[in-house]
Amino acid sequence: MIKLLLPRQLVARAPTDGTESPFAQGLTKAFDDAYPLLKRAALWSLPISLFGLLPSVFVLQVYDRVISRSGTATLVALVAGIFVFLGIEFWLRTRRSRDLRNAGATIDHHVSESLMGSMLKRPLMALEARPASAWFMLFRDVGAVRGTVTGGLLGSIFDLPMALFALAVIGVVALPVLPIVVLFLAVMAFLAWWWADEVRAGRVEETQRARDVDRVVSEICRARETIKTLGHDAPVVQMWLQAYRNWLAESFRKNGELETARDSSTVLLTVFSVLVVTAGAVAVTQQLMTVGGLMAVNLLAIKALSPVAGMASGWRGLARAAEAAQRLEKVLAEPVERAASGVELTKPPGLLRLTDVSFRFPDAPRPVFEKLNLEMGPVGLHVIVGKNGAGKSTLVKLLGGLYSPSEGAIHIGGYDLAQFSREELVGWISCLSQEVYWFGGALIESLRRAAPGQSDEQIVSACRLSGAHEFISRLPQGYRTEVGEGGMGLSVGERRKLALAQLFLRKPAVLILDEPSNDLDYQSETHLMTALGAVAKRRNVVVVTHSLRMVSIATQIYYVGGDGTVQQGTPAEMVPRLFGVQRPVPVPTPAREAVASGGSVVHLKGMGVGT
Ligand SMILES: Nc1ncnc2c1ncn2[C@@H]1O[C@H](COP(=O)(O)OP(=O)(O)OP(=O)(O)O)[C@@H](O)[C@H]1O
């Protein structure tokens, strides 16, 4: 019954398009789990509906038995009785509210969990396809869907039996006015349907425009520093105002319609009361009904009309929820990355091999790479260089298994990357992307999150290697320092050093770093070169860089041409050609020592980079 009453859009099974996402149907499953609670809430509603009629019965009895017959004892009994019943009604209402709250929480929890899983488990390219604000708004949609069971609409649906009971009682105590009540009920139901044009048309223009405002605000918030630095306030305010005014105009129009509907129903209800009293008075004078019946019918008529009026005002929330639900169902059905194979394999050597690899972004006019054949590793410092936009980051995302080749295959130590899940790969190949995001919280905890189970000593060693230990030691709370959201309170270079430490802690076979010396000062870059040179003696280190110093200590250089090709050679061969200098830059002493000594064994001991 409840399934029939609930909006069909919210419980309908979405077409799966043959996708295998474990999160598809997340919404339907959430509603299925909440269903027993909703069913029980509906059952509580039946006695609540009956108890809802008590005040009118009380009024009827007071007028007909107490006032006309001076029955004080009857009045005492009636008052005592109504208080008992009101107590029971209160208890029933709290039970129903609790069930509805739990149903709402169940839906919220399940859908949020599915959405979070679906977002984090999808391939990087699919993740990048939506801006951060779009993801954020999807999480807000969950609240709109939850609102269908915790909001007023379901309550109105549950109260519909009360309307029928009220009509039945009116039929008994005030039959002459029943036709007027039924007529008004029909008029109100028709108006409710008429006003629900948003639901019928399946469009919620206002909601869409509100989402546009949210998107613009979110972008402005993220770019606040850039806006301030470039003094872009005026154009940004214009951009926001345009979106805001669009929304306001639509909201104004919608609210105008709603207010007209509300005002009309208020006036109609007054007209209705006047008609009922008039017809009732005539009926009383003709002794067709009692004065008590006349007084009671006013209360009963309100009970009969209020669920219908409630449904009329609930349409808007329903329209929003239906739109949100459709969007969520579509997103949850989108494919995610493969699940873990479940087969435990020993960590392979870090030899990366690309065989006939081509890669093209969807809808891009030309491929970024075509029939690429390369080998890197299993140890050494492999430096990728090339002009902006040539495809360096794309190449390292392919090497890290974050992008899948359009054609060809990439192997690590003989295993095709395509067969592994992200969780499996991350232990073998760890990447540090160009943009580092640092989660807030105590430094030591955030560092440990990268590689659970590591001792404090191992964490400190990794920080020494990445160069983070020096600045952490200067902080009054040291490793216990609480950092704000997004690493607030740390410099960009400090965040990069922390992220590097996390990478070292994982002890992968391949370390991939996209422009790691960005934001680092001369000494820090020297330290990084020393560390990477040391690690590269035992592991495969792949670095994208524009730094000639970093290039100079490479084992091999890979030049991404931007025409789909990659050329490789030693620094002695490539540096003069690519950088216009005769020989590689002299390597700074510490870095040279590290490279020469196989990573300064003393330096590396216990630093989380041993095999
Ligand atoms: N998600 C994407 N969708 C479509 N095209 C993309 C996407 N990401 C990058 N590109 C395009 O692919 C090409 C290679 O981009 P990539 O980021 O790999 O360059 P890059 O060599 O790392 O550049 P930079 O040195 O500026 O970081 C560029 O032309 C870029 O515009």
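The model is a predicted one: local features need pLDDT of at least 70, side-chain atom pairs count only at pLDDT 80 or more, and totals for chains, interfaces and linings use all residues. Residues are numbered from 1 along each chain as its sequence is written. Helices (H or I, at least four residues) and strands (E, at least two) are DSSP runs, numbered from the N terminus. A residue is buried if 20 or more other C-beta atoms lie within 10 Å of its own, exposed if 12 or fewer, and partly exposed in between, with C-beta atoms placed from the backbone. Two residues are in contact if their C-beta atoms, placed from the backbone, lie within 7 Å.

Gly467 follows α19 and has a positive phi, near 90°.

The chain holds 26 helices and 12 strands. Of its 611 residues, 39% count as buried. Among contacts with a separation of 6 or more, 80% are between residues 24 or more positions apart.

Strand β10 covers residues 540–544; 5 of its 5 residues are buried, so the strand is largely enclosed by the rest of the structure. In a regular strand, side chains alternate between the two faces of the sheet. Asn540, Val542 and Val544 point one way from β10, and Val541 and Val543 point the other way. Two strands pair if DSSP finds at least two bridges between them. Strand β3 (residues 380–386) pairs with β10 in the parallel sense, over 5 bridges. There, His382 stands opposite Val542. Strand β9 (residues 510–514) also runs parallel to β10, joined by 5 bridges. Val510 is opposite Asn540 in this case. From β9 the chain crosses through helix α22 (residues 522–535) to β10, in a right-handed β-α-β crossover. Right-handed here means that, with the strands pointing away from the viewer, the path from the first strand over the helix to the second runs clockwise.

An open sheet of 4 strands has the order β2-β1-β4-β5, with antiparallel pairing. β2 (369–376) and β5 (415–416) stand at the edges with a single partner strand each, so one side of each is left without a neighbour in the sheet. Strand β1 (residues 352–359) is joined to strand β4 (residues 407–412) by 5 bridges. Thr355 stands opposite Ala409 in β4.

Arg360 lies in the loop between β1 and β2. Arg360 is partly exposed, with 16 other C-beta atoms within 10 Å. Not counting residues up to four places away in sequence, Arg360 touches Pro367, Val368 and Ser406.

The residues around the ligand include Glu128, Phe361, Asn388 and Lys392. The shell divides into 4 nonpolar, 6 polar and 2 charged residues. Ala, Val, Leu, Ile, Met, Phe, Trp, Tyr, Cys and Pro count as nonpolar, Asp, Glu, Lys and Arg as charged, and the others, Gly among them, as polar. Helix α16 (residues 392–399) gives the largest share of the shell, 3 residues.

Notes:
A residue is near a molecule or strand if its C-beta atom, placed from the backbone, lies within 6 Å of it.
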